[in-house]
Amino acid sequence: MISETYAEEIEGILERYPNKKSAVLPLMHLAQQEYGYMSDEAKREVAVILDLDPTHVLSLTGFYSLFHEEPTGKYVLEICNDLACALRGADEFVEMACRKLEISVDGTTEDGLFTIKTVMCLGACDRAPMLQHNLKFAENLDEEKFDQLIAQLRLQAESGDDEPSVVQRITAYAKKDG
Ligand code: FES
C-alpha cells in the first residue's frame, strides 16, 4: 500500500498543495511504482487518500500515456505516430522498433526491459521519428540511433547505474524544503 510504503513522501507532497485533490498525479506515479501499473487497487488507493471518485483516477490513467493499465517493461518506449510524425516516417519506425525487439505494439520483451507503445503528439513534431522513455525524449531517430539507445539502456539496466525514476524525482521534490 502506498500509504505505508510512501507515507513520508505522501505527507511531503500533500503539504505542497492547498487542495489535496491536486496531488493526484504525483500520487498516481507512486502507486504505479508500487504496483507496476495502475491496477484497480492502485487507482482505488489513490482515490481513497485524496477523497476522489475512483472514476476520476481511472479517467486520468486513460488520458496520460505515462500511466499504464497493464504491467510494462522497465523502459516504456512511447513512440509518437500522430499525424505530423507519421508524415516523417513514424509508422515505419514503429515497425522497425517492433521487429528489432521482437515484440508488437503494447508488447514487452521477454527480459522485461522494454515495452513499445504508440502515443499521440508529444510536442516534438519537427524532430520525428521520436520517442519518450522515462520522461526523456530521443529525437530525429533512425535505425542506427534506435540500436544505440537500446544498447545504452541495456547497459544502464545491467550496471544498475540508472537514471532517477519518476518516483525518485517526485520523492526528492517532496522532501525539499519550502
Ligand atoms: S505529432 Fe508526433 S510529436 Fe507531434
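Two residues are said to be in contact here if their C-beta atoms, placed from the backbone, lie within 7 Å. With that in mind, welcome to this predicted model. Let us walk through its helices, then its loops.

**The overall layout**

Two packed helices are described by the angle between their axes and the distance between the axes.

| Helix pair | Angle between axes | Axis distance |
|---|---|---|
| α2 (residues 7-15) and α3 | about 165° | 10 Å |
| α3 (residues 24-35) and α4 | roughly 145° | within 9 Å |
| α4 (residues 40-50) and α5 (residues 54-63) | about 125° | 8 Å |

Start with α2 and α3. Angles over 145 degrees count as roughly antiparallel, and α2 and α3 are therefore roughly antiparallel to each other. Their crossing is right-handed. From α2, the residues Glu9, Ile10 and Ile13 take part in the contact, and from α3 the partners are Pro26, Leu27 and Leu30. By class, this contact of α2 with α3 has 5 nonpolar residues, no polar ones and 1 charged.

Next comes the pair of α3 and α4. Here too α3 passes α4 in a right-handed crossing. On the α3 side the contact involves Val24, Leu27, Met28, Ala31, Gln32, Glu34 and Tyr35, while α4 brings Glu41, Ala42, Glu45, Val46, Ile49 and Leu50. The residues of the contact of α3 with α4 divide into 9 nonpolar, 1 polar and 3 charged.

Now follow α4 on to α5. Their axes are 8 Å apart and the helices pack at an angle of about 125°. That makes α4 oblique to α5. The crossing of α4 and α5 is right-handed. Which residues of α4 meet α5? They are Lys43, Arg44, Val46 and Ala47, and they meet Pro54, Val57, Leu58 and Thr61 in α5. This contact of α4 with α5 divides into 5 nonpolar, 1 polar and 2 charged residues.

**A look at the loops**

Most residues other than glycine have a negative phi, and most peptide bonds are trans. With this background, two places deserve a look.

Where is aspartate 51? Aspartate 51 sits in the loop between α4 and α5. Its phi is near 55°, a positive value in a residue other than glycine.

The other place is the peptide bond from alanine 128 to proline 129, which is cis, with omega near -5°. Proline 129 belongs to the loop between β2 (114-119) and β3 (131-133).

**Helix α8 and the glycine after it**

How many residues does helix α8 have? Helix α8 spans residues 143-159 and has 17 residues. From its first C-alpha to its last, α8 reaches 24 Å, close to the 24 Å expected at 1.5 Å a residue. After α8 comes glycine 160, with a positive phi near 75°.

Terms used. Residues are numbered from 1 along each chain as its sequence is written. This is a predicted model: local features need pLDDT of at least 70, side-chain atom pairs count only at pLDDT 80 or more; totals for chains, interfaces and linings use all residues. Axes are lines fitted to C-alpha atoms, for helices over the stretch in contact, and angles run from 0 to 180 degrees between N-to-C directions. Helices (H or I, at least four residues) and strands (E, at least two) are DSSP runs, numbered from the N terminus. Angles under 35 degrees count as roughly parallel, over 145 as roughly antiparallel, 65 to 115 as roughly perpendicular and the rest as oblique. A crossing is left-handed if the near helix is turned anticlockwise from the far one by less than a right angle, and right-handed if clockwise. Ala, Val, Leu, Ile, Met, Phe, Trp, Tyr, Cys and Pro count as nonpolar, Asp, Glu, Lys and Arg as charged, and the others, Gly among them, as polar. The expected span of a helix is 1.5 Å times one less than its number of residues.
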